[in-house]
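My notes are below, in the order I made them.

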Amino acid sequence: MVVITLDREQARRIAVRAQLLDAYRPASLVATVDHLTLLQIDPTAAIAPNVDLVSWSRLGDAYDHSDLRFAIEEERSLVEHSSYVRPMDDIGLVLATAEDRMHSSLFDWLDANAGFRADVVGLLAAEGPLTAAEIPDTSQVPWQSSGWTNDKNVDRMLELLCRTGDVAISGRRGKFRTWDVPERVYPADLEVPAYDEARAMLDARRLTSLGIARPTSKVQGEEIGAAGLGESCVVDRIAGEWRVDADALAAMDEPFEPRTALLSPYDRLVYDRERALDLFDFEYVLEMYKPAAKRRWGYFALPILHGDRLVGKLDAKVDRKAHVLRVFAVHEDFPWEPAIGDAVDAEIDQLATWLGVEVVRG
């Protein structure tokens, strides 16, 4: 049996190309999300929200936040579902695998609030789209948790009903999501396949977007690895098995055209921190929850990609009142050649231009 062996440079280039972070630029936002399979929604906007940072890092100045709103609310080619923006074409697959994102206790709470559930769906059918604040709390059993969701009964009910496919997110009113019945958001011919078929399709799409991954890898219960799919391989000087997408493997000998990019901490190139450490020798921890004195790289430091290497972190923040991007530090993971520094500086300038602010360094 022939064992596929990749050197680390080959593995890194597969990963970078799969995440649309080489010199190739996708044709549109919808094409970008379709390939990446999802954009994680996170409200942190020290520089820009994650959905915008990931989109800009692929599309450059061709991307505007209004493109996202148009695709979700007008074109319906993308859809917000739970904590992600996904291609509308994938929503049937997501609904078919809802059980993967639903612990049995969540179903128990829904069952205990059958009347509340019916009230929410009935109100949306009659008057939607509505924000959570416009929906009365008629819960029979309040939601209990040790965190921020405690007693947020309406918000929790809407989130769970979105996962089960009983309601849908139709758009946003300012920062607040608007909710409606799925018949007015999802396609009329929506098909929800059997679980096994849907799970296999989502896993295959994820591996295509990653290029190479461990056979299985999870973050907070979410599978972010290959789920056993792809071609088995080993990567030189890294212990253990990897799985590589067959198409990425076939394209490995095509010329690799590098560029420099500033990434969100939630970017899927670095989201699997162990994978980033294995393939890129890149150590990263999101430090926004740490006291300032204990941070090594900054509140919301952006990983820096140069070619096929993750080379450092950018500690910066947008001061919207002053209309400036304040660059506190650029952390080099190793001593940079002048060309890397110049390329990173140019990308910081491009980021500021896209944000419509000036750069203030130091």
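The entries that follow start with the ground rules and then go through the chain part by part.

**Ground rules.** I am working from a predicted model, where local features need pLDDT of at least 70, side-chain atom pairs count only at pLDDT 80 or more, and totals for chains, interfaces and linings use all residues. Residues are numbered from 1 along each chain as its sequence is written, and side-chain values use heavy atoms, with hydrogens and water left out. Helices (H or I, at least four residues) and strands (E, at least two) are DSSP runs, numbered from the N terminus.

**Domains.** I noted that the chain is divided into domain 1 (99–164) and domain 2 (259–361), with bounds that come from an automatic or database domain assignment. I found the C-alpha centres of domain 1 and domain 2 to lie 38 Å apart.

**Helix 8.** I looked up helix 8, residues 153–164, which has 12 residues. Helix 8 reaches 16 Å from its first C-alpha to its last, close to the 16 Å expected at 1.5 Å a residue; the expected span is 1.5 Å times one less than the number of residues. I then checked burial (buried is under 20% relative accessible area, exposed over 50%, partly exposed in between, with a 1.4 Å probe and protein chains only). What covers them? Just after helix 8, G165 has a positive phi of about 90 degrees.

**Helix 3.** The buried residues include N50, D52 and R58, along with W56 and L59. G60 follows helix 3 and has a positive phi near 70 degrees.

I traced an open sheet of 4 strands in the order 1-10-11-7, with mixed pairing; two strands pair if DSSP finds at least two bridges between them. Strand 1 (4–6) and strand 7 (212–213) stand at the edges with a single partner strand each, so one side of each is left without a neighbour in the sheet. Strand 1 pairs with strand 10 (residues 231–235) in the parallel sense over 3 bridges, and T5 stands opposite V234. Helix 1 (residues 8–18) lies across strands of this sheet, including strand 1, to which it runs at about 90 degrees. Helix 11 (residues 273–280) lies across strand 7, strand 10 and strand 11, at about 110 degrees to strand 11. Axes are lines fitted to C-alpha atoms, for helices over the stretch in contact (heavy atoms within 4.5 Å), and angles run from 0 to 180 degrees between N-to-C directions.

**Cores.** I looked up the nonpolar cores, each a set of buried Ala, Val, Leu, Ile, Met, Phe, Trp, Tyr and Cys residues joined through side-chain atoms within 4.5 Å. In the largest, of 70 residues, I212, L269, L325 and L351 touch the most other members. Helix 12 (residues 338–355) gives the most to this core, with 6 residues. Apart from it lies another core, of 21 residues, among them M102, L106, W109 and I169. I212 touches residues including L6, I14, V235, W242 and L279.

**Strands 13 to 15.** I counted 5 bridges joining strand 13 (residues 302–306) to strand 14, the two running antiparallel. They form a hairpin with 2 residues between them, and G307 in the turn has a positive phi of about 65 degrees. Strand 14 is joined to strand 15 (residues 324–332) by 8 bridges, again antiparallel. This hairpin has 4 residues between its strands, with H323 in the turn at a positive phi of about 60 degrees. Of the 11 residues of strand 14 (residues 309–319), 8 are buried, so it is largely enclosed by the rest of the structure.

I noted a cis peptide bond between G128 and P129, with omega of about 5 degrees; P129 is in the loop between helix 7 and helix 8. R76 has a positive phi near 60 degrees and is partly exposed, with a relative accessible area of 24%.

Definitions and conventions. Lists of a residue's contacts leave out its neighbours within four places in sequence.
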